[in-house]
Amino acid sequence: MQRLNRTTYKNYNTYPEKILQFGEGNFLRGFVDWQIQVLNEKTDFNGSVVVVQPRGSEKIDRLNRQDGLFTLYLQGLKDGKPVNEHMVIDSISRGINLFTDYQDYLKLAASDELRFIISNTTEAGIVFDPDDKLEDRPQRSFPGKLTAFLYHRFLAFDGDVNRGCILIPCELIEDNGGKLMEVVQKYASHWNLDSEFTAWINQANTFCSSLVDRIVPGYPTDSIEEKTAEIGFQDELIVVGEQYHLWAIEGPESLKQELPVAGTGLNTLIVDDLTPFRTRKVRILNGAHTAMTPVAYLSGLDTVEEAVNDPEIGLFIKELIAEEIIPTFEGDLEELTLFAGDVLNRFANPFIKHYLMSISLNSISKFKTRNLPALLDYVEKNESLPKRMVFSLSSLIYFYRGKRGEKPIQLQDQPEILRFFQAIWQQYEDYLVEEKELAEKVLSEQKLWEMDLASIPGLVDAVSANLLQMEQKGVRNALKELYGTSIR
Ligand SMILES: NC(=O)c1ccc[n+]([C@@H]2O[C@H](COP(=O)([O-])OP(=O)(O)OC[C@H]3O[C@@H](n4cnc5c(N)ncnc54)[C@H](O)[C@@H]3O)[C@@H](O)[C@H]2O)c1
Ligand SMILES: O=P(O)(O)OC[C@@H](O)[C@@H](O)[C@H](O)[C@H](O)CO
């Protein structure tokens, strides 16, 4: 069978290169690049995307082997009806491999047509690396690469304030636009770049924070043969995502003209304040994902759909959201409840296999940013512990023991965190610590939580009691105990 590319697939369009995209991953392709395609089809946006890798990645070469083309499956409810559609996305014109073709990157910096810079480099990407240098080809960090790009643009256009860019980072961190600008400024000062450049960064460029929402499990390993037969091409870059999408961008009024999303059917909103969108999405959707993962996985389930459809785990997730997450932050209760209902329907999407193990990547930092705020707010408001969230925290600690029954779990987290858990669980297995001491040590470990969780009244006792139950009866039966149900 032929590979998908611009020779084998003739029905493609070409557009001027208006967007530089840091990241070749599944999410950006299934979300941003699809939106650019919709803009090209429905408006006079007329722009394509050039992709560079934020770190080393062989996906850029794969992208170029297919001339930027890939198939996107969107599966789920659209306007209340189940829809399963697929399309070839042609909005990416090419990828630039920064290790071999850095000159092309500099050439793009001097391009008249370029206007937007978009990124998604995970929660770990917007960082300052003091070892990066302007003359590196390329710099190690994403903001280092970006600063070098902007500096070349500044020089190429002689500091023209009309030649700046609109930057829209998609990383799931608070104030991603502000943080990115801060790191760029830090590089400018670290590299002793002209003060005119610093002024140009501020005046000519617009850093817009944004919040993205679409579940994109990525490459469909389970159904690849069936999908390949359906599309009639070999496509190494197939992406599967849900129909639902929201992109909230905090930007100036003028952005509405430059990114003409109105009237396209895209759920892309240009807003003054992202905070309410961000809080509800991160606490309810991402929080529920992260909280359910160890509970459901250790109860023998593998996907989000299985988890929400399981009578016990499903109830646990629903009640966790309704009773322990939603009441922890400001917002219209009716609207938040509707949002939560939609999230649960999205979780139950029968078309999509969203593996708990893929969500489990870096679970400790995810629990810290997505669930700990709800736990702390609940304790402050109620002067008692949220029992389901505490159960989830306990099962997360149990998950980091690295076993489901007798089978090892492929834990994915920072090496330092994995070493910490390996050591403490080894001490447990050697009878050097019991549940209570183990809970105390884990909860008080600053490098996990950046605070002392053991100081929360009753938490060490609650977690150690849960751990004992999990050890004696298994996670599913421990959950039944939590509900006071008899063990079957
Ligand atoms: N997949 C989804 O459903 C979804 C939805 C919304 C948001 N996101 C966000 O997208 C990110 C994951 O993206 P994906 O699902 O496309 O996965 P992916 O593995 O396909 O892509 C991850 C991208 O991040 C880059 N990256 C990873 N670590 C980095 C680092 N330390 N510095 C710079 N770049 C780094 C990789 O090079 C790659 O381009 C997560 O941060 C997630 O919160 C994902
Ligand atoms: O992508 P991660 O690994 O940061 O988080 C896992 C999921 O919670 C996440 O991908 C959601 O599906 C997504 O944020 C929905 O918009």
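Helices here are DSSP runs of H or I with at least four residues, and they are numbered from the N terminus. Ala465 lies in one of them, helix α19. The model is a predicted one.

Q: What is the average pLDDT of the protein chain, and how is such a value to be read?
A: The pLDDT is the predictor's confidence in each residue on a scale from 0 to 100. The protein chain averages 96, and 99% of the residues score at least 70. The model also scores ipTM 0.97 and pTM 0.93.

Q: Why is Ala465 called partly exposed?
A: A residue counts as buried with 20 or more other C-beta atoms within 10 Å of its own, as exposed with 12 or fewer, and as partly exposed in between. Ala465 has 18 such atoms within 10 Å, and therefore it is partly exposed. In space, Ala465 is 7.6 Å from Glu435, C-alpha to C-alpha, although the two are 30 residues apart in sequence.

Q: What makes the buried residues of helix α17 line one face of the helix?
A: The buried residues of α17 (residues 435-443) are Glu435, Leu438, Ala439, Val442 and Leu443. Seen down the axis of α17, these residues fall within an arc of 120 degrees, so they line one face of the helix. They pack against α15 (387-399), α16 (415-429), α18 (446-449) and α19 (459-473).

Q: Why is Phe22 counted as buried?
A: The cut-off for buried is 20 or more other C-beta atoms within 10 Å. Phe22 has 25 such neighbours inside 10 Å, and so it counts as buried. Phe22 lies in strand β1, and, leaving aside residues up to four places away in sequence, it touches Val52, Pro54, Ser119, Thr121, Phe142 and Leu146.

Q: Is Gly23 buried or exposed?
A: With 26 other C-beta atoms within 10 Å, Gly23 is buried, and its place is the loop between β1 and α1. Not counting residues up to four places away in sequence, Gly23 touches Leu28, Pro54, Ser119, Asn120 and Thr121. In an unreviewed entry, UniProt lists residues under "binding site", among them Phe22 and Gly23.

Q: Which strands are the edge strands of the six-stranded sheet?
A: The open sheet of six strands has the order β5-β2-β1-β6-β7-β8, with parallel pairing. Its edge strands are β5 (92-96) and β8 (206-207), each of which pairs on one side only.

Q: How do you know that β6 and β7 pair?
A: Two strands pair if DSSP finds at least two bridges between them. Strand β6 (residues 116-119) and strand β7 (residues 166-169) have four bridges, in the parallel sense. Within this pairing, Ile117 stands opposite Leu167 in β7.

Q: Why is one side of β9 and of β12 left without a neighbour in the sheet?
A: Three strands form an open sheet of mixed pairing, in the order β9-β11-β12. Because β9 (210-213) and β12 (268-271) stand at the edges with a single partner strand each, one side of each has no neighbour in the sheet. β9 pairs with strand β11 (residues 246-250) in the antiparallel sense over four bridges, and Val212 has Trp247 in β11 as its bridge partner.

Technical notes:
Residues numbered from 1 in each chain as written. Chains lettered and ligands numbered in written order. Predicted model: local features only at pLDDT ≥ 70, side-chain atom pairs only at ≥ 80, totals over all residues. Helix = DSSP H or I, 4+ residues; strand = E, 2+ residues; numbered from the N terminus. Arc of directions from axis to C-beta. Contact = placed C-beta atoms within 7 Å. UniProt positions renumbered as here; feature names shortened; annotations may be inferred.
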